Amino acid sequence: RGNAVRLAVETLRPDWPLLAFTCLALVATIAFTLAFPLAIGEVFDVVRSQGGLADAPAAAVANPFSGLGAASSVPGSFRTALAKLSACLVLSASGNALVSYCSTLLGERFAHRLKGQLMETIIARPQAFFDSTPKGDLVARLTLDVQVLQATLADFIGQRGFRSMFEVTGALALIAVQQPLLALVSLAITPLLSRLLRSVVVRSSAIIYRRQQVAAEALQYASERLSQVQTVQVFAAEGREAGAFEALDSSGYRMARRYAFFQGIVEGAGRLAVNVGTMALLGFGGLLVIQGRISVGALLAVNVFNLFISIGLSSVAASLGELGKAVGALERVAELVVPGSSSSSSAAPGEAEAAGTSDSGAAAAPHAGGSSSAAASDAAAAGAAPAASASGRVEFEDVWFKYPGTSDWVVHGLNLTLLPGQTLALVGPSGGGKSTIAALLLGLYQPQRGRILVDGQPLPPAADGSSAAVGVGMAAVLQQPMLMAGTVAQQISYGKPGASEEEVLAAARAAHADEFVQQLPQGYGTEVGERGHALSGGQKQRLSIARALLLQSKILVLDEVTSALDVTSERCISDTLRSLTSTKLIIAHRLSTVRRADVIAVVEGGRVAETGSRAELLQLEGGMYRRLVHTADMAWVASGAGS
Ligand code: ADP
């Protein structure tokens, strides 16, 4: 909870001038509002002192408007009292408008800043975090929870919380100054109420924390099923899915109902207490007037104050309920933003583990460059000189890896060296660990043991989650290319947003995407992605290849990038890739792609079962590659075309 409070304070801090101004305006507005009953009281007393409030003459009753035109007959003291009353009205109304504007603005600015901060921290989290955290939950915290916070902040500062507390206190103080005895009557009900209020805050924050969690689950469920709607419909599961969603949502509803019930009780009890107070006040105060100890105006003022108190207290009660709700939401947000407060993600231990080993990897770096036998062949790697010469050397040194939160090693002591410009093809049965090896090279995960060197330098540790693959000179085409909303040109220049038109065009041509892009309604300006023009799997693949080629990086990681392409396109792209000087790590299913690689590594069960050139592997008696090619056991080679 400390973290949550700290986060709120930190987020609010840059707006302290606005906050201070709002509070000042609030205090002024409350002063004018509290002066209102006094002004009413004064009007009454003036009326009475001028002989009013006595029995009206019969003529006046018959025609209440007679004599109203004679302004000169209005006594000055009465005019003054009325002027004061209207000044209070005007000033408090303007003050209210200002406070309402400022507090709403404060809430919006708070939410805006918090969302920015949330997105910034979320998107830089390590892959392991995303493996263990449902996206819907993240989206819910970014939207639902922040919304609750924004609304509560505006409400608490401007509308109910602070204002009502000030008003109640001010009204009590004014009654006390005027009629200490009556203040005691008014005060008698507050201890009871404050106990009630405390329990509301505590209980409702707990309920709301859980409720928001359930809401997040429902959101996650809905967005996942909607994004897979084809599967749902093909398997005729619409009814089942809708039912499951309804069940999830109704558990949230049940919690909300509990919250509402709770709020209702508090509201009712609060009002009862307040009304009893009002009755006591009227009875006791009326007696004082009858005995001539206080004026009618004073009793009236005290009663209006008491009205303020009663309305104020129930506002405070409701507002504190909202505050409890906000605390629950704030806790959920703080878990993501404030490091170390995470209780939701099981990734935390894994992250710590990974960070620890990458630290040791970094520490070992200075010695390893010189002593490693692999580095001996490449003098540039040993020296501190920047890798300006032949670059793109990749080494896996006894790399061990398991996914955070799991217990089995997925990569077992991997040793592989790729010389600059070489193409390494990883082949092997599905689930063997090929994609994992690519992800490790890209720095998406940190190996628990061993290290990965690029041009003799260990991959920079992904301290704040960013893999720094681009920084090291790597580009990747990942499996299942997903496009983000935007134009074709934006898709291609995603890795280099300022890329020129020529660069985009060159990359598209190299990826053999130009032809189909030219056919699109607006060419490179066509919107694609979720809400844009639908593209085929192969077209998406070509765009994502162009996106990687545009970076002209020294290392390319390609994960089954040609799986959705026809044989001709595939061959064209293979030719392009061959013409590049980059070092390439290719995960391939087609023997046609594999065949052209300089080195082939057969990966099975997280180990390199055999490695060598195609010719070497074909020579290996009893070798797996040879067996696979000869028996045409292509279970893992999607199409043998071209081999
Ligand atoms: P391949 O690319 O050869 O098909 P992968 O590298 O995708 O193999 O998977 C290797 C193993 O790692 C599989 O057993 C798979 O279940 C597991 N695995 C893959 N991704 C994850 C993940 N994000 N979390 C946990 N286990 C994973």
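Tutor: What follows is a set of questions about terms and the values behind them.

Student: What kind of model is this, and how are the residues numbered?

Tutor: This is a predicted model, in which local features need pLDDT of at least 70 and side-chain atom pairs count only at pLDDT 80 or more, while totals for chains, interfaces and linings use all residues. Residues are numbered from 1 along each chain as its sequence is written.

Student: Why is Phe305 called buried?

Tutor: A residue is buried if 20 or more other C-beta atoms lie within 10 Å of its own, exposed if 12 or fewer, and partly exposed in between, with C-beta atoms placed from the backbone. Phe305 has 30 other C-beta atoms within 10 Å, and therefore it is buried. In the protein chain of 643 residues, buried residues make up 40%.

Student: Where does Phe305 lie, and which residues is Phe305 in contact with?

Tutor: Phe305 lies in helix α12, residues 296–337; helices (H or I, at least four residues) and strands (E, at least two) are DSSP runs, numbered from the N terminus. Two residues are in contact if their C-beta atoms, placed from the backbone, lie within 7 Å, and, leaving aside neighbours within four places in sequence, Phe305 is in contact with Pro37, Ala171, Leu174 and Ile175. The C-alpha atoms of Phe305 and Leu172 are separated by 7.5 Å, although these residues are 133 apart along the chain.

Student: What makes the buried residues of helix α1 line one face?

Tutor: In α1 (residues 2–12) the buried residues are Ala4, Leu7 and Thr11. Seen down the axis of α1, they fall within an arc of 60 degrees, the arc being that of the directions from the helix axis to the C-beta atoms, so they line one face of the helix. An α-helix has 3.6 residues a turn, so residues three or four places apart point the same way. The buried residues of α1 pack against α4 (76–123) and α12, whereas the face turned away from the buried side carries the exposed residues Gly2 and Val9.

Student: Why are β2 and β5 said to stand at the edges of their sheet?

Tutor: The open sheet has 4 strands in the order β2-β1-β4-β5, with antiparallel pairing, where two strands pair if DSSP finds at least two bridges between them. In that order β2 (411–418) and β5 (457–458) each have a single partner strand, so one side of each is left without a neighbour in the sheet. The antiparallel strands β1 (residues 394–401) and β2 are joined by 5 bridges, and Phe396 stands opposite Leu416 in β2.

Student: How do you know that β6 and β9 pair?

Tutor: The two strands run parallel and are joined by 4 bridges, which meets the requirement of at least two. In this pairing Met474 stands opposite Ile555 in β9. Met474 and Ala476 point one way from β6 (residues 474–477), Ala475 and Val477 point the other way, and all are buried.

Student: What makes a set of residues a nonpolar core, and which members touch the most others in the largest one?

Tutor: A nonpolar core is a set of buried Ala, Val, Leu, Ile, Met, Phe, Trp, Tyr and Cys residues joined through C-beta atoms within 7 Å. The largest has 74 residues, of which Ala546 and Val557 touch the most other members. Not counting residues up to four places away in sequence, Val557 touches Ala438, Leu441, Leu442, Met474, Ala476 and Leu585.
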